Amino acid sequence: MSTATRTVPRRPAPDLRPAARERRRKERIGGALAAAALIVILLISLSPFLWALLTAIKPFQDAFTNPPTWIFEPRLDAFVDLWRGTRFAAVLVNTFVVAVLTVVVALAVGAPAAYAFARYAGVVGPILLVLAVVLRTIPRFAVVLPFYEMSQALGIYDTNIALVAALVAVNMPFTLLLLVGFFRDVPTELDEAAMIDGCSRFGAFRRVIVPLMGPGLVTAGVFTLLVAFQEYLVALTLTQNRAVTIPVFIAAQKGADDVSTYQTLAAASIALVIPIVFIAVFARKYLVAGLGGGAVKG
Amino acid sequence: MKPKEFAAFTAPAIVLMGGLLIVPLVTTLVWSFQNVPVGQPGVFNGLDNYVEIFSDERFGRVAAFTVGYTLVVTAAKLVLGYAIALLLARVRRGRMVILGLLMASYVVPTVIGALNFSWLFNDVFGGVVNQLLAVVGVHVDWLTETGPARTLIGLHALWHETPFVILVLLAGLQTLPEEPLEAAQLDGANWWQRQRFMILPLLAPLISFVTLISIMDSLKVFDSIRIITPAASSVGTESLMAFVYQVALAESYRLGVASAVNVVTIVITLLLLIPFLRQTWKGARAA
């Protein structure tokens with residue numbers, strides 16, 4: 001869209017104002033073309049969800065025709081089936097329990113450590129940080145297969161405890177990296193001032209730094225929550241029935257490969273996509289801060 | 001901060017990572033030299049597992065597919081992500097709303113996203129993409145033929161992961177200094193020249209960051225392959241991690257062989273990571 005800007009030779013105009021006006025006009029046109037292109041991209045990007053929504057609300061005889069049926073009477077039977085006829089509700093509750101526990105444990109363990117990494121001048125901090133990066137890159141199966149054996153041996157296979165432990169461990173390097181970035185932004189003078197006023201190091205951390213770290217902790221929390229909610233591989237390996245989470249449930253339903261369950265599957269997708277997209281749009285500030293923080297400081 | 005305080009603050013995290021990350025990783029390393037049937041202690045068998053996987057044709061196919069997938073997807077993601085970030089940077093009103101909605105395919109659980117994405121290519125679900133292709137008289141068996149299935153897995157990766165690239169590069173574009181760029185424009189530098197000689201060099205650290213993240217993640221691709229092509233081995237879309245799963249928990253229960261594949265994957269990943277680790281080390285030392 002900047003073709004026009006590029007090819008017009010820039011004449012030395014005696015009066016700059018028309019040139020400036022011309023440039024602004026071109027910028028506006030460029031902006032409008034960019035917006036149009038983005039709307040097309042956005043539609044393509046959202047089309048899988050729109051199609052799942054259509055599949056969920058079509059009557060059964062219209063849902064799987066080829067070519068697709070476009071005129072139909074929308075109904076919510078699939079959502080009712082999903083809620084009443086499957087374990088969806090129970091699995092959803094369990095997934096939230098697992099995700100929230102993971103966030104709480106990850107932040108309780110990760111925040112003090114990240115603070116120390118950000119403040120300690122020695123060489124240990126950088127070494128651990130590099131280790132954290134390395135650990136973040138390890139294939140999860142390399143951690144989870146031994147976990148599988150251990151949890152069988154300890155009799156905690158297919159429990160939330162085993163799942164939360166694995167999720168906290170696997171994500172701890174990333175949680176640390178993210179939090180260290182935020183703690184570095186809090187000026188050291190604040191800790192020092194608090195300690196001069198009589199706080200212990202831990203008191204300074206708890207009373208002064210943690211309250212200031214609100215956005216950073218929320219960012220790390222939102223991230224860990226999303227990751228725990230999304231995790232498929234770890235949950236697939238460590239659960240079977242009782243501790244199953246949403247991604248495992250969905251994949252198992254899909255694996256049944258039975259057309260009569262496809263609409264409930266579509267309904268389940270939509271029931272999950274809508275709240276997650278809302279969270280993404282509203283918590284966008286935190287997501288951007290987190291991804292950006294990880295990008296710049298990682 | 002005193003060493004004692006440092007130790008106290010970091011102890012819980014170090015114990016946790018030691019017990020729940022390092023111990024399992026060491027176990028994986030030990031298992032890779034053992035014959036380990038599930039539920040039984042392993043017996044050392046030297047390099048047998050490595051010899052087996054390196055002489056296994058299937059492993060060769062799996063490794064080649066995974067590396068090819070990683071290179072193609074990473075390159076395509078960077079180009080597409082950069083293009084969309086440039087578009088977003090030109091838009092004033094509604095930029096953040098568009099960005100938020102574009103993130104949808106990134107934040108939705110991969111299992112659900114892959115499922116919904118593959119439905120567009122599935123004739124049972126109306127075959128939307130094939131309907132569009134019918135205009136040019138083409139019909140593609142996306143889910144069962146090797147070439148199309150690989151393309152589909154790659155397209156899914158682009159759909160799912162490009163938003164992350166967009167997010168990072170847009171953040172970079174927004175922090176570019178405006179004055180030198182305007183000066184270059186007034187001096188007659190055209191769009192290409194400004195991209196090539198000013199913007200791309202300034203964004204280089206971010207580009208290398210997203211490249212490395214993409215390489216690491218792509219080498220470990222698993223969720224989408226399980227969902228889109230459950231019979232990955234016969235379709236030709238089996239990745240390293242899908243192979244590990246089959247060997248360890250589905251087709252056979254050979255944790256030793258699976259661990260050897262994990263170790264090989266770790267070695268490949270670390271080799272690709274060296275420049276990034278050096279950068280992190282320098283950053284941490286400088287701070």
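The model is predicted, so local features are described only at pLDDT of at least 70 and side-chain atom pairs count only at pLDDT 80 or more, while totals for chains, interfaces and linings use all residues. Residues are numbered from 1 along each chain as its sequence is written, and chains are lettered from A and ligands numbered from 1 in the order in which they are written.

Chain A contains 15 helices and zero strands, and chain B contains 14 helices and two strands; here helices (H or I, at least four residues) and strands (E, at least two) are DSSP runs, numbered from the N terminus. Of the 298 residues in chain A, 46% are buried, and of the 287 residues in chain B, 44% are buried. A residue is called buried if 20 or more other C-beta atoms lie within 10 Å of its own, exposed if 12 or fewer, and partly exposed in between, with C-beta atoms placed from the backbone. The C-alpha trace of chain B spans about 70 × 70 × 30 Å along its principal axes.

Contacts come next. Two residues are in contact if their C-beta atoms, placed from the backbone, lie within 7 Å. Among contacts with a separation of 6 or more, residues 24 or more positions apart account for 76% in chain A and 68% in chain B. Between the chains, the contact takes 83 residues from chain A and 84 residues from chain B. On the chain A side, helix α2 (residues 16-57) gives the most, with 16 residues. That side of chain A divides into 58 nonpolar, 18 polar and seven charged residues. In this grouping, Ala, Val, Leu, Ile, Met, Phe, Trp, Tyr, Cys and Pro count as nonpolar, Asp, Glu, Lys and Arg as charged, and the others, Gly among them, as polar.

Each chain is also divided into domains, whose bounds come from an automatic or database domain assignment. In chain A, these are domain 1 (3-75) and domain 2 (84-297). Eight residues of domain 1 of chain A are in contact with seven residues of domain 2 of chain A. The largest share of the domain 1 side, five residues, comes from α2(A). By class, this side of domain 1 of chain A has seven nonpolar, one polar and no charged residues.

Chain B has domain 1 (35-51 + 239-269) and domain 2 (63-237). Taken over C-alpha atoms, the centres of these two domains of chain B are separated by 32 Å. Eight residues of domain 1 of chain B are in contact with 13 residues of domain 2 of chain B. Helices α13 (240-250) and α14 (255-286) of chain B each supply at least two residues of the domain 1 side, and the largest share, four residues, comes from α13(B). This side of domain 1 of chain B has four nonpolar, four polar and no charged residues.

Finally, one residue of chain B can be viewed in detail. Ser233(B) lies in helix α12 (residues 232-235) of chain B. Ser233(B) is partly exposed because 16 other C-beta atoms lie within 10 Å. Leaving out residues up to four places away in sequence, Ser233(B) touches Arg58(B), Glu238(B) and Gln246(B). Ser233(B) and Gln246(B) are 13 residues apart along the chain, and their C-alpha atoms are separated by 9.4 Å.
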